Amino acid sequence: MTTNNPYHSPNAQLDQFDDQETYSPRFFSVEGRLGRVRYIAYTMGATLLGYLLIAVAGAASIGSESLGILLMGVAVLLMLAGTIVVVGRRLHDLDMSRWFSLLMLVPLINTLFGLYLMFAPGTKGRNRFGPMPEPNGRSVIVVACIVPAVAIIGILAAIAIPQYAEYTKRAKAAQQQGQPAAPVQIPEASE
């Protein structure tokens, strides 16, 4: 016979927080999960490394065109592999298969898929790909904030540079037509 005794000890499950273990993601790792902020920061890091490789390939093409083309191909393949690895790790955080990273090769879909990867929240706690990543450090957050800042500066530059070029073109045309550079004389009002 069970009675409802309001004074008995609670039967709470104290092991419910055991799945809150985390791990520290590494940049050059192939396995594990990546949260949104790390995904942005690691993508930027991988892109910068790829551009560095392309610059080295371009410098090598000065001496030998065939060597430059070979190094350029290797650099592009390494950038593609790095992208697939980073996207795969982000997909693991979303508890999805790495095979979905092939969507990054499809034009137009890759843009929408990239936005999804940037904004979709990851799985809380452990999933089939391991524990969740540890909280982001300051350096990861700073690097991830550079991406939107560069995008905003790029948009402003794309608007401002053509406008400034048009302004200077009109100013030079006005000077060549013999218009005075002196201030315009305002006629006096007659009484």
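# Briefing: salt bridges, aromatic pairs and helices

D95 is partly exposed, with a relative accessible area of 31%. (Buried means under 20% relative accessible area, exposed over 50% and partly exposed in between, with a 1.4 Å probe and protein chains only.) The model is predicted: local features need pLDDT of at least 70, side-chain atom pairs count only at pLDDT 80 or more, and totals for chains, interfaces and linings use all residues. Residues are numbered from 1 along each chain as its sequence is written, and side-chain values use heavy atoms, with hydrogens and water left out.

**Overall layout**

- The chain has four helices and two strands. (Both are DSSP runs numbered from the N terminus: helices are H or I with at least four residues, strands are E with at least two.)
- Read from the N terminus, the order of elements is β-α-α-α-β-α.
- The chain has 191 residues, and 20% of them are buried.
- Among contacts with a separation of 6 or more, 69% join residues 24 or more positions apart. (A contact means heavy atoms within 4.5 Å.)
- The accessible surface of the chain is about 14,300 Å², and 67% of this belongs to carbon and sulfur atoms. (Areas come from the Shrake-Rupley method with a 1.4 Å probe; for residues, only the protein chains shown count as cover.)

**Helix α1**

- Helix α1 covers residues 36–63, which is 28 residues.
- From first C-alpha to last, α1 reaches 42 Å, close to the 40 Å expected at 1.5 Å a residue. (The expected span is 1.5 Å times one less than the number of residues.)
- The buried residues of α1 include R38, Y39, I40, A41, Y42 and M44. G50, A57 and A60 are also among them.
- These buried residues pack against α2, α3, β2 (132–133) and α4.

**Salt bridges**

- The whole structure holds three salt bridges. (Each is a side-chain nitrogen of Lys or Arg within 4 Å of a carboxyl oxygen of Asp or Glu.)
- R33 and D93 meet through their side chains in a salt bridge, 2.8 Å from N to O. R33 sits in the loop between β1 (22–23) and α1, and D93 in helix α2, so this pair ties together parts 60 residues apart in sequence.
- R33 is buried at 0% relative accessible area. D93 is buried too, at 4%.
- D93 also bridges to R90, with the closest N and O atoms 2.8 Å apart. D93 and R90 are three residues apart in helix α2, which means about one helical turn separates them. Both are buried.
- D95 and R128 form a salt bridge, with closest N and O atoms 3.0 Å apart. D95 lies in the loop between α2 and α3, and R128 in the loop between α3 and β2, so parts 33 residues apart in sequence are tied together.
- R128 counts as exposed, at 60% relative accessibility.
- Through shared partners, R33, R90 and D93 join into one network of salt bridges.

**H92 in helix α2**

- H92 is placed in helix α2 (residues 65–93). At 6% relative accessibility, H92 is buried.
- Its neighbours within four places in sequence aside, H92 contacts G32, R33, R98, N127 and F129.

**Aromatic pairs**

- Rings of Phe, Tyr and Trp (its six-membered ring) pair if their centres lie within 6.5 Å; planes under 30 degrees apart are stacked, over 60 edge-to-face and the rest tilted. By this rule there are two aromatic pairs.
- F113 and Y116 have ring centres 6.4 Å apart and planes at 25 degrees, so they are stacked. Three residues apart in helix α3 (residues 109–119), F113 and Y116 are separated by about one helical turn.
- F113 is buried at 8% relative accessible area, while Y116 is partly exposed at 40%.
- Y164 and Y167 form a tilted pair, 6.4 Å centre to centre with 35 degrees between the planes. This pair is three residues apart in helix α4 (residues 138–176), about one helical turn.
- Y164 is exposed, at 55% relative accessibility.

**Nonpolar surface patch**

- L53, L67, L70, L71, V74 and L78 make a nonpolar surface patch of about 490 Å². (Patch residues have over 30% relative accessible area and no salt bridge; like charges are joined within 9 Å, nonpolar side chains of Val, Leu, Ile, Met, Phe, Trp or Tyr within 5 Å.)
- Helix α2 gives the largest share of this patch, five residues.
- L70 is in helix α2. Its relative accessible area is 54%, and L70 is exposed.
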